[in-house]
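This briefing concerns one protein model and the ligand placed in it. Please keep the sequence and the structure in view while reading.

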Amino acid sequence: MEHIVEFDKISKNFGKHKVVDEISFTIEKGELFGLLGPNGAGKSTSISMLSGLMKPSSGRILVNGKDIAKYPKEGKRCIGLVPQDIALYPTLSAQDNLYFWGRMYGLSGKRLKEEVDRVLKIANLEERRKDIVKGFSGGMKRRINIAAALLHRPQLLIMDEPTVGIDPQSRNSILETVKELNEEGMSVIYTSHYMEEVEFLCNRIGIIDLGKLLMVEEKEKLKQEIMGSECIELKINHEEDSIINGLSKLEFITKVHKNENGCINVYLHDPSQHLQSIVHYISEQGVNITQFSIQEPNLENVFLKLTGKALRD
Ligand SMILES: Nc1ncnc2c1ncn2[C@@H]1O[C@H](COP(=O)(O)OP(=O)(O)OP(=O)(O)O)[C@@H](O)[C@H]1O
Ligand SMILES: [Mg+2]
(Lines give C-alpha, C1' and ligand atoms only; values in the text may rest on other atoms or scores of the structure.)
(Ligands and ions follow the chains in the order given, each with its own letter.)
Protein backbone atom coordinates (compact mmCIF):
# COMPACT_ATOMS: atom_id res chain seq x y z
CA MET A 1 0.00 0.00 0.00
CA GLU A 2 1.15 3.49 -0.77
CA HIS A 3 1.09 6.20 1.84
CA ILE A 4 -0.62 9.45 0.97
CA VAL A 5 0.38 10.97 4.31
CA GLU A 6 3.28 10.25 6.57
CA PHE A 7 3.84 12.06 9.86
CA ASP A 8 7.40 11.48 10.96
CA LYS A 9 8.06 12.53 14.57
CA ILE A 10 6.19 15.79 14.25
CA SER A 11 6.34 18.26 17.12
CA LYS A 12 5.06 21.79 17.45
CA ASN A 13 5.97 24.22 20.21
CA PHE A 14 4.32 27.55 20.93
CA GLY A 15 6.93 29.18 23.15
CA LYS A 16 7.64 26.65 25.88
CA HIS A 17 4.35 24.92 25.30
CA LYS A 18 4.62 21.67 23.32
CA VAL A 19 1.18 21.23 21.78
CA VAL A 20 2.11 18.43 19.35
CA ASP A 21 4.56 15.92 20.72
CA GLU A 22 6.47 13.59 18.37
CA ILE A 23 3.51 12.33 16.42
CA SER A 24 4.15 9.58 13.85
CA PHE A 25 1.57 7.80 11.74
CA THR A 26 0.74 7.06 8.11
CA ILE A 27 -2.41 7.17 6.03
CA GLU A 28 -2.81 4.85 3.06
CA LYS A 29 -4.18 5.99 -0.27
CA GLY A 30 -7.95 5.60 -0.30
CA GLU A 31 -8.24 5.46 3.47
CA LEU A 32 -10.78 7.33 5.60
CA PHE A 33 -8.70 8.12 8.65
CA GLY A 34 -10.17 9.58 11.82
CA LEU A 35 -8.25 11.77 14.25
CA LEU A 36 -10.17 11.78 17.47
CA GLY A 37 -9.43 13.96 20.47
CA PRO A 38 -10.95 16.43 22.92
CA ASN A 39 -10.63 20.24 22.84
CA GLY A 40 -7.05 21.42 22.76
CA ALA A 41 -5.67 17.97 21.90
CA GLY A 42 -3.64 19.30 18.96
CA LYS A 43 -5.89 18.26 16.07
CA SER A 44 -6.06 21.63 14.29
CA THR A 45 -2.35 22.26 14.83
CA SER A 46 -1.57 18.88 13.23
CA ILE A 47 -3.93 19.66 10.34
CA SER A 48 -2.35 23.08 9.80
CA MET A 49 1.08 21.47 9.52
CA LEU A 50 -0.24 18.79 7.17
CA SER A 51 -1.78 21.47 4.94
CA GLY A 52 1.47 23.40 4.81
CA LEU A 53 -0.06 26.39 6.63
CA MET A 54 2.24 26.01 9.61
CA LYS A 55 5.78 24.67 9.90
CA PRO A 56 6.54 21.92 12.40
CA SER A 57 9.11 22.69 15.13
CA SER A 58 10.67 19.33 14.32
CA GLY A 59 9.98 16.26 12.22
CA ARG A 60 8.60 16.12 8.69
CA ILE A 61 5.32 15.43 6.97
CA LEU A 62 5.29 13.68 3.63
CA VAL A 63 2.33 14.08 1.29
CA ASN A 64 2.54 11.62 -1.59
CA GLY A 65 6.12 10.99 -0.55
CA LYS A 66 7.15 14.66 -0.65
CA ASP A 67 8.00 16.87 2.31
CA ILE A 68 5.19 19.43 2.47
CA ALA A 69 7.50 22.02 4.03
CA LYS A 70 9.90 21.75 1.04
CA TYR A 71 7.30 21.24 -1.69
CA PRO A 72 4.28 23.22 -0.51
CA LYS A 73 2.90 23.76 -4.04
CA GLU A 74 2.86 20.07 -4.95
CA GLY A 75 1.36 19.25 -1.58
CA LYS A 76 -1.37 21.83 -1.77
CA ARG A 77 -2.34 20.69 -5.24
CA CYS A 78 -3.37 17.30 -3.97
CA ILE A 79 -4.95 18.54 -0.71
CA GLY A 80 -8.44 19.95 -0.18
CA LEU A 81 -8.75 21.57 3.23
CA VAL A 82 -11.98 22.18 5.11
CA PRO A 83 -10.75 24.30 8.03
CA GLN A 84 -12.36 24.40 11.45
CA ASP A 85 -13.24 28.08 11.04
CA ILE A 86 -15.52 28.81 8.12
CA ALA A 87 -13.90 31.07 5.54
CA LEU A 88 -16.51 32.63 3.24
CA TYR A 89 -17.45 36.06 1.95
CA PRO A 90 -20.85 36.71 3.56
CA THR A 91 -21.95 39.30 1.02
CA LEU A 92 -21.29 37.07 -1.99
CA SER A 93 -23.60 34.33 -3.25
CA ALA A 94 -22.80 30.65 -2.80
CA GLN A 95 -21.60 30.32 -6.37
CA ASP A 96 -19.54 33.51 -6.31
CA ASN A 97 -17.75 32.26 -3.21
CA LEU A 98 -16.96 29.08 -5.11
CA TYR A 99 -15.82 31.01 -8.18
CA PHE A 100 -13.50 32.96 -5.90
CA TRP A 101 -12.00 29.81 -4.37
CA GLY A 102 -11.80 28.12 -7.76
CA ARG A 103 -9.68 30.99 -9.11
CA MET A 104 -7.48 30.71 -6.03
CA TYR A 105 -6.86 27.11 -7.03
CA GLY A 106 -5.93 28.25 -10.55
CA LEU A 107 -9.15 27.26 -12.31
CA SER A 108 -10.77 29.44 -14.95
CA GLY A 109 -13.21 29.52 -17.87
CA LYS A 110 -15.29 26.50 -18.76
CA ARG A 111 -13.43 24.20 -16.36
CA LEU A 112 -14.14 26.56 -13.44
CA LYS A 113 -17.84 26.69 -14.28
CA GLU A 114 -18.06 22.91 -14.60
CA GLU A 115 -16.31 22.37 -11.30
CA VAL A 116 -18.53 24.90 -9.50
CA ASP A 117 -21.63 23.15 -10.88
CA ARG A 118 -20.23 19.79 -9.84
CA VAL A 119 -19.39 20.75 -6.25
CA LEU A 120 -22.70 22.60 -5.75
CA LYS A 121 -24.39 19.32 -6.58
CA ILE A 122 -22.21 17.40 -4.12
CA ALA A 123 -23.02 19.97 -1.40
CA ASN A 124 -26.72 19.74 -2.23
CA LEU A 125 -26.91 23.51 -2.72
CA GLU A 126 -27.79 23.86 -6.40
CA GLU A 127 -31.09 25.55 -5.63
CA ARG A 128 -29.47 28.10 -3.33
CA ARG A 129 -26.49 28.86 -5.55
CA LYS A 130 -27.47 32.46 -6.24
CA ASP A 131 -28.39 33.34 -2.63
CA ILE A 132 -26.16 35.50 -0.45
CA VAL A 133 -24.20 33.40 2.04
CA LYS A 134 -24.98 35.76 4.94
CA GLY A 135 -28.48 34.31 5.22
CA PHE A 136 -27.32 30.68 5.23
CA SER A 137 -27.45 28.38 8.24
CA GLY A 138 -24.18 27.19 9.80
CA GLY A 139 -24.67 23.83 8.13
CA MET A 140 -25.15 25.35 4.68
CA LYS A 141 -22.07 27.52 5.10
CA ARG A 142 -20.13 24.46 6.12
CA ARG A 143 -21.34 22.64 3.01
CA ILE A 144 -20.06 25.48 0.79
CA ASN A 145 -16.74 25.23 2.60
CA ILE A 146 -16.60 21.55 1.76
CA ALA A 147 -17.61 22.27 -1.84
CA ALA A 148 -14.77 24.81 -2.08
CA ALA A 149 -12.26 22.22 -0.90
CA LEU A 150 -13.39 19.85 -3.68
CA LEU A 151 -13.12 22.27 -6.62
CA HIS A 152 -9.67 21.20 -7.75
CA ARG A 153 -10.44 17.47 -7.31
CA PRO A 154 -7.96 16.82 -4.50
CA GLN A 155 -6.62 13.36 -3.79
CA LEU A 156 -6.73 14.01 -0.07
CA LEU A 157 -9.58 15.75 1.71
CA ILE A 158 -8.76 17.14 5.15
CA MET A 159 -11.72 18.00 7.34
CA ASP A 160 -11.30 19.68 10.70
CA GLU A 161 -14.40 19.12 12.85
CA PRO A 162 -16.78 19.83 9.97
CA THR A 163 -19.98 19.15 11.91
CA VAL A 164 -19.50 21.25 15.03
CA GLY A 165 -22.47 23.49 15.77
CA ILE A 166 -24.63 22.63 12.78
CA ASP A 167 -28.14 21.25 12.31
CA PRO A 168 -28.69 17.46 12.22
CA GLN A 169 -29.82 17.49 8.59
CA SER A 170 -26.63 19.17 7.38
CA ARG A 171 -24.62 16.90 9.63
CA ASN A 172 -26.08 13.77 8.07
CA SER A 173 -25.64 15.20 4.60
CA ILE A 174 -21.96 15.93 5.35
CA LEU A 175 -21.31 12.47 6.78
CA GLU A 176 -22.94 10.82 3.76
CA THR A 177 -20.94 13.04 1.39
CA VAL A 178 -17.67 12.12 3.09
CA LYS A 179 -18.52 8.42 2.84
CA GLU A 180 -19.39 8.72 -0.85
CA LEU A 181 -16.26 10.70 -1.71
CA ASN A 182 -14.17 8.08 0.01
CA GLU A 183 -15.97 5.27 -1.79
CA GLU A 184 -15.14 7.01 -5.06
CA GLY A 185 -11.46 6.78 -4.10
CA MET A 186 -10.64 9.99 -2.24
CA SER A 187 -8.40 9.69 0.81
CA VAL A 188 -9.84 11.52 3.79
CA ILE A 189 -8.55 12.64 7.15
CA TYR A 190 -11.42 13.57 9.42
CA THR A 191 -10.88 15.15 12.82
CA SER A 192 -13.56 15.21 15.43
CA HIS A 193 -14.30 14.99 19.08
CA TYR A 194 -17.56 13.22 18.26
CA MET A 195 -16.78 9.60 18.82
CA GLU A 196 -19.90 8.38 17.03
CA GLU A 197 -18.95 10.21 13.81
CA VAL A 198 -15.48 8.77 13.66
CA GLU A 199 -16.91 5.40 14.53
CA PHE A 200 -19.46 5.68 11.71
CA LEU A 201 -17.04 6.96 9.07
CA CYS A 202 -13.51 5.78 9.56
CA ASN A 203 -11.60 2.56 8.93
CA ARG A 204 -8.64 3.58 10.99
CA ILE A 205 -8.50 5.90 13.93
CA GLY A 206 -5.83 7.82 15.77
CA ILE A 207 -6.55 9.02 19.28
CA ILE A 208 -4.80 12.22 20.30
CA ASP A 209 -4.73 14.01 23.63
CA LEU A 210 -2.48 16.75 24.99
CA GLY A 211 -0.39 16.64 21.82
CA LYS A 212 0.37 12.93 22.08
CA LEU A 213 -0.90 10.27 19.74
CA LEU A 214 -2.10 7.65 22.19
CA MET A 215 -2.98 5.01 19.67
CA VAL A 216 -3.52 4.34 15.97
CA GLU A 217 -5.56 1.30 15.09
CA GLU A 218 -8.16 -0.15 12.81
CA LYS A 219 -11.54 0.66 14.25
CA GLU A 220 -12.62 -2.87 15.00
CA LYS A 221 -9.28 -3.79 16.52
CA LEU A 222 -9.39 -0.68 18.60
CA LYS A 223 -12.77 -1.63 19.90
CA GLN A 224 -12.35 -5.37 20.30
CA GLU A 225 -8.72 -6.25 20.90
CA ILE A 226 -6.75 -3.26 22.04
CA MET A 227 -9.39 -2.03 24.39
CA GLY A 228 -10.16 -5.68 25.08
CA SER A 229 -13.04 -4.65 27.23
CA GLU A 230 -16.73 -4.62 27.11
CA CYS A 231 -18.73 -2.72 29.64
CA ILE A 232 -21.51 -3.66 32.01
CA GLU A 233 -23.53 -0.78 33.33
CA LEU A 234 -25.45 -1.30 36.54
CA LYS A 235 -27.31 0.68 39.13
CA ILE A 236 -27.59 -0.36 42.77
CA ASN A 237 -29.77 0.62 45.72
CA HIS A 238 -26.75 1.41 47.86
CA GLU A 239 -23.84 3.81 48.18
CA GLU A 240 -21.53 2.90 45.28
CA ASP A 241 -18.00 3.45 46.57
CA SER A 242 -17.63 0.30 48.67
CA ILE A 243 -19.08 -1.87 45.89
CA ILE A 244 -16.76 -0.22 43.33
CA ASN A 245 -13.85 -0.87 45.62
CA GLY A 246 -14.83 -4.52 46.05
CA LEU A 247 -15.46 -5.07 42.32
CA SER A 248 -12.10 -3.56 41.40
CA LYS A 249 -10.41 -6.37 43.35
CA LEU A 250 -11.97 -9.11 41.18
CA GLU A 251 -9.21 -10.26 38.84
CA PHE A 252 -11.29 -10.42 35.64
CA ILE A 253 -12.38 -6.78 35.94
CA THR A 254 -10.10 -4.33 34.13
CA LYS A 255 -11.65 -1.12 35.38
CA VAL A 256 -14.66 0.05 37.35
CA HIS A 257 -15.98 3.53 38.02
CA LYS A 258 -19.14 5.53 38.64
CA ASN A 259 -20.46 7.39 35.60
CA GLU A 260 -22.25 10.72 35.34
CA ASN A 261 -25.69 9.03 35.52
CA GLY A 262 -24.93 7.54 38.91
CA CYS A 263 -24.48 4.06 37.42
CA ILE A 264 -21.44 1.84 37.85
CA ASN A 265 -19.47 0.95 34.71
CA VAL A 266 -17.61 -2.32 34.94
CA TYR A 267 -15.08 -3.05 32.16
CA LEU A 268 -14.04 -6.63 31.53
CA HIS A 269 -13.37 -9.23 28.87
CA ASP A 270 -16.26 -11.44 27.90
CA PRO A 271 -18.99 -10.20 30.28
CA SER A 272 -21.29 -13.15 29.67
CA GLN A 273 -18.74 -15.45 31.29
CA HIS A 274 -18.43 -13.35 34.44
CA LEU A 275 -21.94 -12.04 34.81
CA GLN A 276 -22.91 -14.48 37.49
CA SER A 277 -19.83 -13.78 39.60
CA ILE A 278 -20.55 -10.05 39.52
CA VAL A 279 -24.22 -10.45 40.45
CA HIS A 280 -23.23 -12.93 43.13
CA TYR A 281 -20.61 -10.61 44.61
CA ILE A 282 -23.02 -7.68 44.80
CA SER A 283 -25.88 -9.66 46.32
CA GLU A 284 -23.46 -11.13 48.88
CA GLN A 285 -22.96 -7.57 50.13
CA GLY A 286 -26.71 -7.33 50.74
CA VAL A 287 -27.10 -4.89 47.83
CA ASN A 288 -29.72 -5.06 45.04
CA ILE A 289 -29.10 -4.32 41.38
CA THR A 290 -31.91 -2.07 40.12
CA GLN A 291 -30.77 -1.61 36.53
CA PHE A 292 -28.47 -3.61 34.32
CA SER A 293 -27.18 -3.55 30.73
CA ILE A 294 -24.26 -4.82 28.68
CA GLN A 295 -22.77 -2.20 26.37
CA GLU A 296 -20.94 -2.83 23.13
CA PRO A 297 -17.38 -1.51 23.30
CA ASN A 298 -17.24 1.96 21.77
CA LEU A 299 -14.70 4.69 21.34
CA GLU A 300 -15.98 6.60 24.33
CA ASN A 301 -14.98 3.61 26.45
CA VAL A 302 -11.66 3.29 24.66
CA PHE A 303 -10.87 6.93 25.26
CA LEU A 304 -11.96 6.78 28.88
CA LYS A 305 -9.77 3.81 29.46
CA LEU A 306 -6.72 5.26 27.69
CA THR A 307 -6.83 8.72 29.20
CA GLY A 308 -9.05 8.43 32.28
CA LYS A 309 -11.13 11.26 30.81
CA ALA A 310 -14.45 11.37 28.99
CA LEU A 311 -14.25 12.61 25.39
CA ARG A 312 -16.34 15.67 26.11
CA ASP A 313 -14.73 16.74 29.35
N1 LIG B 1 -1.12 29.99 17.58
C2 LIG B 1 -1.07 29.44 18.79
N3 LIG B 1 -0.34 30.00 19.78
C4 LIG B 1 -0.28 29.44 21.02
N5 LIG B 1 -0.94 28.31 21.37
C6 LIG B 1 -1.69 27.72 20.44
C7 LIG B 1 -1.81 28.24 19.11
N8 LIG B 1 -2.64 27.42 18.40
C9 LIG B 1 -3.01 26.45 19.24
N10 LIG B 1 -2.45 26.62 20.47
C11 LIG B 1 -2.62 25.73 21.63
O12 LIG B 1 -2.29 24.43 21.19
C13 LIG B 1 -3.13 23.46 21.82
C14 LIG B 1 -3.77 22.62 20.75
O15 LIG B 1 -4.67 23.42 20.00
P16 LIG B 1 -5.45 22.87 18.74
O17 LIG B 1 -6.24 24.01 18.18
O18 LIG B 1 -4.51 22.18 17.83
O19 LIG B 1 -6.42 21.80 19.42
P20 LIG B 1 -7.65 21.02 18.82
O21 LIG B 1 -7.43 19.58 19.11
O22 LIG B 1 -7.87 21.41 17.41
O23 LIG B 1 -8.85 21.52 19.73
P24 LIG B 1 -10.40 21.87 19.35
O25 LIG B 1 -11.14 20.57 19.42
O26 LIG B 1 -10.79 22.79 20.46
O27 LIG B 1 -10.41 22.51 18.02
C28 LIG B 1 -4.10 24.23 22.68
O29 LIG B 1 -3.63 24.21 24.00
C30 LIG B 1 -4.05 25.63 22.10
O31 LIG B 1 -4.33 26.59 23.09
MG1 LIG C 1 -9.35 22.29 16.44
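In this predicted model, an N or O atom in the side chain of Glu-161 is 2.7 Å from an oxygen atom of ligand 1, a pair that falls within the 3.5 Å set for N or O atoms in a polar contact. Taken alone, ligand 1 exposes 640 Å², of which the protein buries 61%; accessible areas come from the Shrake-Rupley method with a 1.4 Å probe, and for residues only the protein chains shown count as cover.

- Strand E2 (17-28) and helix H1 (43-50) are the elements that give two or more residues to the shell around ligand 1.
- H1 supplies the largest share of that shell, three residues.
- Helices (H or I, at least four residues) and strands (E, at least two) are DSSP runs, numbered from the N terminus.
- The ligand is surrounded by 13 residues, the closest being Gly-40, Lys-43, Ser-44, Thr-45 and Glu-161; a residue counts as near if one of its heavy atoms lies within 4 Å.
- Backbone N or O atoms also approach oxygen atoms of ligand 1, at 2.8 Å for Gly-40 and at 2.9 Å for Gly-42.

**Thr-163**
- Thr-163 is located in the loop that runs between strand E7 (156-160) and helix H6 (168-183).
- With a relative accessible area of 3%, Thr-163 is buried (under 20%; exposed is over 50% and partly exposed in between, with a 1.4 Å probe and protein chains only).
- Its side chain makes a polar contact with the side chain of Glu-197 at 2.4 Å; within protein, one atom of such a pair must be able to donate a hydrogen and the other to accept it, and residues adjacent in sequence count only if both atoms are side-chain atoms.
- Leaving aside residues up to four places away in sequence, Thr-163 touches Arg-171, Ile-174, Leu-175, Tyr-190, Tyr-194 and Glu-197, where contact means heavy atoms within 4.5 Å.

**The protein as a whole**
- The secondary structure comprises 11 helices and 14 strands.
- The C-alpha trace spans about 80 × 45 × 40 Å along its principal axes.
- Of the 313 residues, 50% are buried.
- The protein exposes about 15100 Å², and carbon and sulfur atoms supply 48% of that area.

**Basis of the values**
- Residues are numbered from 1 along each chain as its sequence is written, while chains are lettered from A and ligands numbered from 1 in the order in which they are written.
- Local features need pLDDT of at least 70, side-chain atom pairs count only at pLDDT 80 or more, and totals for chains, interfaces and linings use all residues, with side-chain values based on heavy atoms and hydrogens and water left out.
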